Amino acid sequence: MNNDFRKGLSSEEVQILKKEGKVNKSKKVKGKSHFKIIFESFFTSFNIVLYLLAFTFLMFQIFYPDGIRSIPITKYGFLTTILFNALTSIISQEMSKHTLEKMKLISDPRILVIRDGKEVEINTNEIVLHDSIILKTGKDVPCDAIIKEGELYVNESNLTGESDALIKK
């Protein structure tokens, strides 16, 4: 491997490291499936209570067909509450899922690296082991790194909860 971080890796070295699987892959976070969204919307704790109530009314109707008339509510009118509750939940979750998928396409993180002695902008999932990364203000640190030159302030609040930026040298 090339030891001069100012020249970066050569194209051949990058290809070898990619073949060895030494790339900066992050786990793809999968959202809920459509089936899971529908299932969870119909089987909330609130809806389960309403299902039990419906079952109770059904049992009364089967075993005491004349006795249920004295209850002053519509027998199964509350089932519309279940349907409305579930449909509202399904629609809002599907819209959120669609919006998040759009945002993933827009926010394709890119980073400057040095390869073959030149600055090249690549996707963060194309970073390989020993890449020379150029970090600038406002950019995220895309992977574990060793600072070879200079210093920077790093906000680690999403990792540690510490709100103050730390100096890294």
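Three bridges join strand β1 to strand β3 (residues 132-134), and the two run antiparallel. Strands count as paired if DSSP finds at least two bridges between them. This is a predicted model, in which local features need pLDDT of at least 70 and side-chain atom pairs count only at pLDDT 80 or more, while totals for chains, interfaces and linings use all residues. Residues are numbered from 1 along each chain as its sequence is written, and side-chain values use heavy atoms, with hydrogens and water left out.

**Overall build**

- The protein has five helices and five strands. Both are DSSP runs, numbered from the N terminus: helices are H or I with at least four residues, strands are E with at least two.
- From the N terminus on, the order is α-α-α-α-β-β-β-β-α-β.
- The protein has 169 residues, and buried ones make up 20% of them. Buried means under 20% relative accessible area, exposed means over 50%, and partly exposed lies in between (1.4 Å probe, protein chains only).
- Accessible areas come from the Shrake-Rupley method with a 1.4 Å probe; for residues, only the protein chains shown count as cover.
- Take the contacts between residues at least 6 apart in sequence: 45% of them join residues at least 24 apart. A contact means heavy atoms within 4.5 Å.

**Strands and turns**

- R115 stands opposite K118 in β2.
- β1 and β2 form a hairpin, with two residues between them.
- D116 lies in the loop between β1 and β2. Its phi is positive, about 55°, although D116 is not a glycine. At 44% relative accessibility, D116 counts as partly exposed.
- H130 sits in the loop between β2 and β3. Phi of H130 is also a positive value, near 75°, and this residue is other than glycine. With 51% relative accessibility, H130 counts as exposed.
- In a regular strand, side chains alternate between the two faces of the sheet.

**Helix α1**

- Helix α1 covers residues 11-19, and its buried residues are E13, V14 and L17.
- Seen down the axis of α1, these buried residues fall within an arc of 100°, so they line one face of the helix. The arc is that of the directions from the helix axis to the C-beta atoms.
- E12 and K19 are exposed on the other side of α1.
- The cover over the buried residues of α1 includes β1.
- G21 follows α1, and its phi is positive, near 80°.

**Salt bridges**

- The count comes to four salt bridges. The rule asks for a side-chain nitrogen of Lys or Arg within 4 Å of a carboxyl oxygen of Asp or Glu.
- Side chains of opposite charge can pair when their charged atoms come close.
- One of the salt bridges joins R115 and D131, at 2.6 Å from N to O. R115 lies in strand β1 and D131 in the loop between β2 and β3, so the pair ties together parts that are 16 residues apart in sequence. Both R115 and D131 are buried.
- R110 and E121 meet through their side chains in another salt bridge, at 3.7 Å from N to O. The pair links distant parts of the chain: R110 is in strand β1, E121 is in strand β2, and they are 11 residues apart. R110 is partly exposed, with a relative accessible area of 33%. E121 is partly exposed too, at 45%.
- K32 forms a salt bridge with E40, and the closest N and O atoms are 2.7 Å apart. K32 is partly exposed, with a relative accessible area of 35%. E40 is partly exposed, with a value of 30%.

**Surface patch**

- F55, L58, F60, I62, F63 and Y64 form a nonpolar patch on the surface. Together they have about 650 Å² of accessible area.
- Patches are made of residues with over 30% relative accessible area and no salt bridge; like charges are joined within 9 Å, and nonpolar side chains (Val, Leu, Ile, Met, Phe, Trp, Tyr) within 5 Å.
- I62 is found in helix α3 (residues 45-63).
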